[in-house]
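Subject: Structure handover and notes

Hello,

Here is the structure I said I would pass on.

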Amino acid sequence: MSSARNEILERIRDATGGTTPGREADYAAVPRNYVRQGSLSQEAKLELLVDRLHDYGATVFHARDGEVDSAVAAALRSRGKVSLLIPRDLPRAWMPDGFHFFREGTSYQEVDLSEGVLTDCALAIASTGSIVLRHSAGAARRALTLIPDYHLCVIFAAQVVETVPEGIEQMKAFAGVPITTIAGPSATADIEMIRVKGVHGPRTLDVILVA
Amino acid sequence: MQISLFITCYNDTLFPQTGKAVVAVLEKLGHPVEFRPAQTCCGQMHYNTGYQKEALPMMQHFLEVFRGAEVVCIPSSSCVAMIRDHYPKMAEASGDASLKRAVKNMLPRIFEFTELLVDKLEVTDVGAFFPHTVALHPSCHSLRSLKLGDRPAKLLGSVRGLTLVDLPDAEECCGFGGTFAVKNADVSAAMLSDKVRCLLNSGAEICAAVDNSCLMHIGGALSRQRAGVRVVHLAEILASQGSQRMMAE
Amino acid sequence: MSTYVGDAADAPKFQTAAKKLVGDTQVRYNVKRATGVIRKKRAKVVDEMPDWEQLRESGHQIKQHVLRHLDFYLEQFETACTAAGGTVHWARDADEANTIIVGLVKAQQAKEVIKVKTMTSDEIRLNKALEAAGITPFETDLADLIVQLGEDKPSHIVVPALHRNRSEIRQIFLDKMNLTELGEQPEDLAGAARLYLREKFLRVPVAISGANFAIAETGSVCVVESEGNGRMCVSLPRVLISLIGIEKIIPTFQDLEVYLQTLPRSATGERMNPYNSIWTGVTPEDGPQEFHVVLLDNGRTKVLADREARETLDCIRCGACLNACPVYKQTGGHAYGSIYGGPIGAILTPQLQSMEHSQTLPYASSLCGACYEVCPVKINIPEILVHLRNKVVERGDAPWEERMAMKAAAYVLESPEHMERARKLGRIGQIPFAKNGVIHHLPGGLDAWTGVRDLPAIPKESFRDWWAKRETERAL
């Protein structure tokens, strides 16, 4: 193994002369004249996010702080569901009475049989309608947000940024844990370039926007 | 200002009327034209087909012939692109410092015909009359290398009697591509077929362009198909004083 | 050295394959339609970006920087990935990569693997190597599934089954999925694929993926996708193997801010693709507990060494150049005989093979420049095509008739006297063929032109003749 490693590195050094002490300065010299900071007001930003979410078919429920559980109940009723899987650290206050919430089991088959999953998110990016999930301990592990057919996600207004660079800036802080970004239900355009929604992954995505 | 004409090898042999039209327009605008008879070819065909070694002496010859010219006018955007995009590289690769200097010196004096009119001579109305319906095909070199933009359209827009119509999918390559047209004749023909279809859909009687290379290819199909549409180089339209092209005297 | 690019070394000349495909009206119709749709979508989401050109420039410069310091960044990636619980392997060529991967799968005693889209695996013929070792690979990308079940070959970087329409796909699914009935709509077909694959996702313990980006700073890997099969493959199985070309490295996590904007818009005409998965090494209680990266050279260091063509390695596999290419539009991807087709394929495929094969690919272009215009990392493909043509000629691999013709042409263009002599010869030679100033047919190889188009006859008087006469008359 290590002989392959050495040989490849040697080939690279032969080809380029090898890295130099000027590398960091070279990297810093890369021009970055693209838009990094957003310029929208908070209100406009949230409007943009909702617009994008609608654009890819997500239903948005609006809630005020402290009313997340009511919104959860409304979403579940609208979908005719009575239960959801939840990650370990989901706030109790989000769970309305009259519905069942299960801390996830360990088998994929169990998760497959569930009605759906309720999670928070790490942040959301308005310009692309992206929701960023951080799969650290206590938050939902990846399988939990992937196998169920229904995903109900809570986004707080303060978590919303406008641009992708602003989003990445925040994501840097937790780059070591698994991250999933979602911008719509799964889709394919492999058949005649006609977009078909819902191949794998949750086919229905509902969002609760808390402002 | 005296304008030195680089007629280009293929215009010289196959489309002399384009050269005559360029001369007529420039002389009408009051600019004397000179023609240095030692000129041959810019080397594009060889360079683009992978024969850079053979293209080098052609570049050297070009620089030699046009040394000292105040302004060089070239009625072919692909030849201008060759000179602008590749002469510096060829000079660099040759390692010859005097060659590099010669190229550097030459580049600012090189003008494609519409560039010369619009940018250097600052004229868009040359007093032409051409009562026909025309579609403008923006050759790839003029579009993407020279970025001529709306210069050709501006010039045509000032021609009395001329109706300019939109060409659908105008920016699609016609399929000439130099030796591509014969090395990959089937694909070239397929691309040509699309271009002709768009041209016929445009309702134009005439297809104009700033390059006779594209026009030779497009015109060849129009002629083969007896399509009832013909090709004319933009310079010839600008030299026209009626429904027949007028030659320089 | 077993460096190869799929079966490209045995592929017919581009002209030969193209001739056949140009005559295939179904393929041409499908390709034209599909590329037209995606070009419109791309144009819409690119036009709304005021900083698109700046993003392209940064995307280009970041990649150029990485390549200049590739040894550093690969080592940095290895250190970070290993520290996070991953294992990094290095493969000099295709065979070595296959040996490593087959060994890793066998170590699990696994007889099946699920695969998420990775063209790199087609490049090294991984599926063949797995099957030879008694391991069954299941493609999970819908298009790759269509291609696999149809026993076919991919024809596009992003939409590999672009050459198939829904009826053809339906038939393939009916035959190979053992279905008794199946609807005709794309939704029905996607639904069938979902069911077929779901049980595999939940059961198969080993997955093989590629990567869009490997981040040196953090040791993270990023997979960009739309369908969700990527998420399935990289987070459900017990063991994950990612095959990553050494050019996929980007320096920092921050750099994703450029590519996650340019890649989705260029590839599928979306502001953001549905799913991006980013993970680092192994995470307890979440996802694969064993993670292997196989870093692949397979000719990339050769491309790196050619300074003029090095930026070929900037490619982020968006496929925009294929969609923009007027040549690709007429033939589809199979004409290129390589997993990498279209403009990027025309420069990457021969270079990975040290210019020994696929030598007709650099000529599969009219040099129109549409690819360069849409490339999100500003690869000057036309420039590199010409550079590679020169290499083909320098190696002595140009057809001898062409070499003779170009030599003769160079002689003719050497001086006005030579040009005039040739012109006179041409005037005589064309006599049997020219009627009313038009030539309809020329014999032999020259019929490559006249087979399809007329040719103007050489006029009696050349421009310089006319000029000389005029000068003489004026002097009088």
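This is a predicted model: local features need pLDDT of at least 70, side-chain atom pairs count only at pLDDT 80 or more; totals for chains, interfaces and linings use all residues.

Residues are numbered from 1 along each chain as its sequence is written, chains are lettered from A and ligands numbered from 1 in the order in which they are written, and side-chain values use heavy atoms, with hydrogens and water left out.

Chains and domains

Contact here means heavy atoms within 4.5 Å. There are 2 pairs of chains in contact, and chains A and C share the most contacts. Chain A and chain B are joined by no contact; their closest C-alpha atoms lie 19 Å apart.

Domain bounds come from an automatic or database domain assignment. For chain B that assignment gives domain 1 (3-120) and domain 2 (133-238). Their centres, taken over C-alpha atoms, are separated by 22 Å, and 27 residues of domain 1 of chain B are in contact with 20 residues of domain 2 of chain B. Chain C is divided into domain 1 (45-301) and domain 2 (417-475), with 57 Å between the two centres over C-alpha atoms.

Sheets

Helices (H or I, at least four residues) and strands (E, at least two) are DSSP runs, numbered from the N terminus. Two strands pair if DSSP finds at least two bridges between them. Axes are lines fitted to C-alpha atoms, for helices over the stretch in contact, and angles run from 0 to 180 degrees between N-to-C directions.

In chain C, 6 strands form an open sheet with parallel pairing, in the order β1-β10-β7-β4-β2-β3. At its edges stand β1 (86-91) and β3 (136-139) of chain C; each has a single partner strand, so one side of each is left without a neighbour in the sheet. Neighbouring strands of this sheet are turned by 25° against each other on average, direction ignored. Within the sheet, β2 (residues 112-115) and β4 (residues 206-209) of chain C run parallel and are joined by 2 bridges. C:Lys115 stands opposite C:Ile208 in β4(C). Helix α4 (residues 70-83) of chain C packs on the sheet, where it touches β1 and β10 (290-296) of chain C, and its direction makes about 145° with that of β1(C).

In chain B, 4 strands form an open sheet, also with parallel pairing, in the order β2-β1-β3-β4. Its edge strands, β2 (33-34) and β4 (110-112) of chain B, each pair on one side only. Strand β3 (residues 71-74) of chain B pairs with β4(B) over 3 bridges in the parallel sense, and B:Val72 has B:Ile110 in β4(B) as its bridge partner. Helix α7 (residues 113-120) of chain B packs on this sheet and touches β1 (3-5), β3 and β4 of chain B; its direction makes about 100° with that of β4(B).

A helix in chain A

Helix α3 (residues 42-55) of chain A has 14 residues and reaches 20 Å from its first C-alpha to its last, close to the 20 Å expected (1.5 Å times one less than the number of residues). Buried means under 20% relative accessible area, with a 1.4 Å probe and protein chains only. By that rule the buried residues of α3(A) include A:Leu46, A:Leu49 and A:Leu53. Among the elements that cover the buried residues of α3(A) are β1 (59-63), β7 (150-156) and β12 (204-210) of chain A. Just after α3(A), A:Gly57 takes a positive phi of about 90°.

Cores

A nonpolar core is a set of buried Ala, Val, Leu, Ile, Met, Phe, Trp, Tyr and Cys residues joined through side-chain atoms within 4.5 Å. The largest has 290 residues, and A:Ile131, A:Ile155, B:Leu26, B:Leu117, C:Phe173 and C:Leu256 touch the most other members. Its largest share, 8 residues, comes from helix α5 (residues 77-94) of chain B. A second, separate core of 23 residues includes C:Ala94 and C:Leu126.

Two loop residues

C:Asn298 is not a glycine, yet has a positive phi of about 50°. C:Asn298 lies in the loop between β10 and α13 (300-305) of chain C and counts as buried at 0% relative accessibility. C:Leu367, also a residue other than glycine, has a positive phi near 60°. C:Leu367 lies in the loop between α16 (342-352) and α17 (370-374) of chain C and, at 13% relative accessibility, counts as buried.

Regards

Key. Buried means under 20% relative accessible area, exposed over 50%, partly exposed in between (1.4 Å probe, protein chains only).
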